[in-house]
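Please read the following report alongside the sequence and the coordinates. It covers the sheet, the helices, the core and the aromatic residues in turn.

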Amino acid sequence: MNNPSFNIYLYLRKTRPNKENKFPVYIRIRVNNEKMEFPSGQYIYSDRWDEKKQKATNCKDAATINGMLDAIKAEINQSISQLYISKAEVSLDNIRQLLKGDAVEET
């Protein structure tokens with residue numbers, strides 16, 4: 001079995017500010033040229049977001065926001081590793097199932 005090609009990318013969705021004019025941080029997962037996007041639940045002002053580092057900067061909540069985003073990324077990486085180790089297909093559907101807490105069948 002080949003190692004899956006995947007990428008996790010964090011970005012601001014600048015088309016949907018909240019009442020405080022903060023933007024949601026979205027997570028994009030790419031697996032073998034397919035992608036899935038979902039909100040992280042974290043919000044930040046656009047001038048406090050470092051696009052290159054994909055992290056919050058220069059604000060009092062930066063450590064909390066970055067910690068939550070790191071935890072989400074770790075959970076995604078753990079799900080991908082679990083699929084690979086169990087010899088199940090590494091697909092967006094299977095990753096989605098694991099993130100929801102559902103079991104995945106082996107292939």
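Is Gln54 buried or exposed? The model is a predicted one, and in it Gln54 has a relative accessible area of 17%. Buried means under 20%, so Gln54 counts as buried. Gln54 sits in the loop that runs between strand E4 (49-50) and strand E5 (55-56). Apart from neighbours within four places in sequence, Gln54 is in contact with Ile8, Tyr9, Leu10 and Trp49.

**Sheet and helices**

Three strands form an open sheet in the order E1-E2-E3, and their pairing is antiparallel. Strand E1 (6-12) and strand E3 (34-44) are at the edges; each has a single partner strand, so one side of each lacks a neighbour in the sheet. From one strand to the next, the twist averages 20°. E1 is joined to strand E2 (residues 23-31) by seven bridges, and Leu12 stands opposite Val25 in E2.

Two helices lie across these strands. Helix H2 (residues 92-100) lies across E2 and E3, at about 35° to E3.

**Core**

The largest nonpolar core has 24 residues, of which Val25, Ile27, Ile29, Ile44, Trp49, Ile76 and Ile95 touch the most other members. At least two residues of this core come from each of E1, E2, E3, H1 and H2, and H1 gives the most, with seven residues. In soluble globular proteins, nonpolar side chains tend to be buried together.

Ile27 illustrates the contacts. Leaving aside neighbours within four places in sequence, Ile27 is in contact with residues including Ile8, Leu10, Met36, Phe38, Ile72 and Ile76.

**Aromatic residues**

The structure holds two aromatic pairs. The rings of Tyr9 and Tyr11 have planes at 15°, so this pair is stacked. The rings of Tyr11 and Tyr26 have planes at 40°, so this pair is tilted. Tyr9, Tyr11 and Tyr26 make up one aromatic cluster.

| Pair | Distance between ring centres | Angle between planes |
|---|---|---|
| Tyr9 and Tyr11 | 6.0 Å | 15° |
| Tyr11 and Tyr26 | 6.0 Å | 40° |

Tyr9 is partly exposed, at a relative accessible area of 25%. Tyr11 is buried at 12% relative accessibility, and Tyr26 is buried at 10%.

Arginines also lie over two of these rings. Arg13 is over the face of Tyr26, 4.8 Å from the ring centre, and Arg28 is over the face of Tyr11, 4.6 Å from the ring centre.

How values were computed: Residues numbered from 1 in each chain as written. Predicted model: local features only at pLDDT ≥ 70, side-chain atom pairs only at ≥ 80, totals over all residues. Heavy atoms only, no water. Pairing = 2+ DSSP bridges. Helix = DSSP H or I, 4+ residues; strand = E, 2+ residues; numbered from the N terminus. Axes fitted to C-alpha atoms, helices over the stretch in contact; angles between N-to-C directions. Contact = heavy atoms within 4.5 Å. Core = buried A, V, L, I, M, F, W, Y, C linked by side-chain atoms within 4.5 Å. Buried < 20%, exposed > 50% of the residue type's maximum accessible area, 1.4 Å probe, protein only. Phe/Tyr/Trp six-rings, centres within 6.5 Å; stacked < 30°, edge-to-face > 60°. Lys NZ or Arg CZ within 6 Å of the ring centre and 35° of its normal.
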